[in-house]
Amino acid sequence: MAKTITVNNNNDNFKLGDPYFCHECGRTHQKGKIYQDHLKHAHNTDKINENIKENNDIIKLDDNEEEIDYKLLEESYDDNEVLEDDIDNEVLEDDIDNEVLEDDMESNANEKSLDKCIEQVKKLPGVGDATLRKLIKAGFTSLESIAFTPPSIIQEDSGLGEKSTATLVKASMKELNIGFKSAQDLWERRKNISRISTGSQELDNLFAGGLETGCVVEFFGEFRTGKTQIMHQLCVNVQLPREKGGLEGRALYIDTEGTFRPERIIQMAEALDLDYDKVLKNIIFGRAYNSDHQILLAKEAGNIIKEKNVKLIVVDSLIGHFRSEYIGRGTLATRQQTINQHLHDLLRLCDIHPDLAVVVTNQVQAKPDVFYGNPIQAAGGNVIAHGSTMRLSLRKGKGEQRVAKMIDAPHLPEGEAVFSITENGITD
Ligand code: ADP
Ligand code: MG
């Protein structure tokens, strides 16, 4: 699909926005919009493929009906959870349309995929039972987690020696075939990147189709600009089926300001016709009481992403604690270094789990020395500016309206989107 793009209009007057016919997908695109158009096309093709796969799955399930029922029963006995609950879930709610993910069946699948990853780690040279135990305990349960983490951190967290750590990292990288690859390979991967809908079509368009996974996205703005509301909405939306803008996964929320409100989640879930009990259950919540605690929570998050099928991590806000704890010029360097490490912990999670979205909020500061232009800037300076993959600024509009502006993204133009915060959540 979409490998080379032939522009059938070679004259010099071919301007941005002019239409041309693309032989790759048999559609008319606009110059300057190639990426978005192809992305849409890729998404549609994906959906068709998914449908075909789903239908196949249904046929397979029907064939093995008896066996599966038996398995499910066994599971509910195994789990010490209330039996009634499981039966309810299986029988009664089977055909609810807007289904968010179910606990039991899915956690079993996650465990299996975790086992598979651990099995690969076990095969690395020099990994015996003791080493494996140390690695698992420190959260290094996949080749990716070993290959992408600086050896010094692996050493520190797992207690392994320098030499064995170096061997492990090298072997993991070799196993994962990490090295140079063609840009075309990269495009094949990016074309099918997963996205979470924000609830507002306009805001989704600003991201060329919804919040991207595999990177750290930062929302900054003054208070009341809707940062926390967007975080809440994403926690609900990530649980939706893929065809409805979700990723069928859980959210993990690190709240540093004490502003997470289950009441708000309930409102947003009900607006989408979802069972709010299930939606709440699928949000893993951690209140960070200081910056050390915040850093620790982010590190611990890494250990449960696979097992709990976490597809979204929220840190609201990234900088609050750091700002209040590190006071005075003398502490600035240490503060920036610590934020940098924290941000890189989060970025690494995205490398290890490409299907994970990480969203952080950031406060603003007024620059006293700016006389022309906007004196309001994102806090945290260059460290956060360089660390986050995409940054958006938020500002108030009329009434419930808010304006989001894409400030920096590696592949998207600067642009603005207007959305609203209503009782139902984020909408256009
Ligand atoms: P920030 O995190 O940027 O400081 P918030 O995300 O907390 O700001 O946004 C707060 C705003 O969200 C409020 O000023 C209000 O306009 C809106 N809001 C919050 N809850 C509701 C609700 N239940 N119904 C409608 N609007 C709400
Ligand atoms: Mg807030």
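Tutor: Let's start with a term: a residue is buried when its relative accessible area is under 20%. Keep in mind that this is a predicted model.

Student: What makes both faces of S5 count as covered?

Tutor: On one side sit Val 216, Glu 218 and Phe 220, and on the other Val 217, Phe 219 and Gly 221; all are buried. For strand S5 (residues 216-221) as a whole, six of its six residues are buried.

Student: How do you know that S5 pairs with S9?

Tutor: Two strands pair if DSSP finds at least two bridges between them. S5 and strand S9 (residues 357-362) have five bridges, in the parallel sense, so by that cut-off they pair. As one example, Phe 219 stands opposite Thr 361 in S9.

Student: Which strand holds the bridge partner of Phe 220?

Tutor: That partner is Ser 393, in S12. S5 and strand S12 (residues 390-396) also pair in the parallel sense, over five bridges.

Student: Why is Thr 198 called buried?

Tutor: Its relative accessible area is 1%, and the cut-off is under 20%, so Thr 198 is buried. Thr 198 lies in the loop between strand S3 (195-196) and helix H10 (201-206). Leaving aside neighbours within four places in sequence, its contacts include Phe 207, Leu 234 and Ile 426.

Student: What makes the pair Thr 198 and Asp 204 a polar contact?

Tutor: A polar contact needs N or O atoms within 3.5 Å, one able to donate a hydrogen and the other to accept it. The side chains of Thr 198 and Asp 204 make such a contact at 2.7 Å. A polar atom of the Thr 198 side chain also lies 3.2 Å from the backbone oxygen of Ser 200.

Student: Now the ligand. Which residues come nearest to ligand 1?

Tutor: Of the 14 residues around ligand 1, they are Arg 224, Gly 226, Lys 227, Thr 228 and Gln 229. A polar side-chain atom of Lys 227 is 2.9 Å from an oxygen atom of the ligand, and a backbone N or O atom of Gly 226 is 3.1 Å from a ligand oxygen. For Arg 402, a side-chain N or O atom lies 3.4 Å from an oxygen atom of ligand 1.

Student: How much of ligand 1 does the protein cover?

Tutor: The protein covers 70% of the 570 Å² of accessible area that ligand 1 has on its own. Helix H11 (227-237) is among the elements giving two or more residues to the shell, and H11 gives the most, with three.

Terms used:
Residues are numbered from 1 along each chain as its sequence is written. Chains are lettered from A and ligands numbered from 1 in the order in which they are written. This is a predicted model: local features need pLDDT of at least 70, side-chain atom pairs count only at pLDDT 80 or more; totals for chains, interfaces and linings use all residues. Side-chain values use heavy atoms; hydrogens and water are left out. A residue is near a molecule or strand if one of its heavy atoms lies within 4 Å of it. Accessible areas come from the Shrake-Rupley method with a 1.4 Å probe; for residues, only the protein chains shown count as cover. Helices (H or I, at least four residues) and strands (E, at least two) are DSSP runs, numbered from the N terminus. Buried means under 20% relative accessible area, exposed over 50%, partly exposed in between (1.4 Å probe, protein chains only). Contact means heavy atoms within 4.5 Å.
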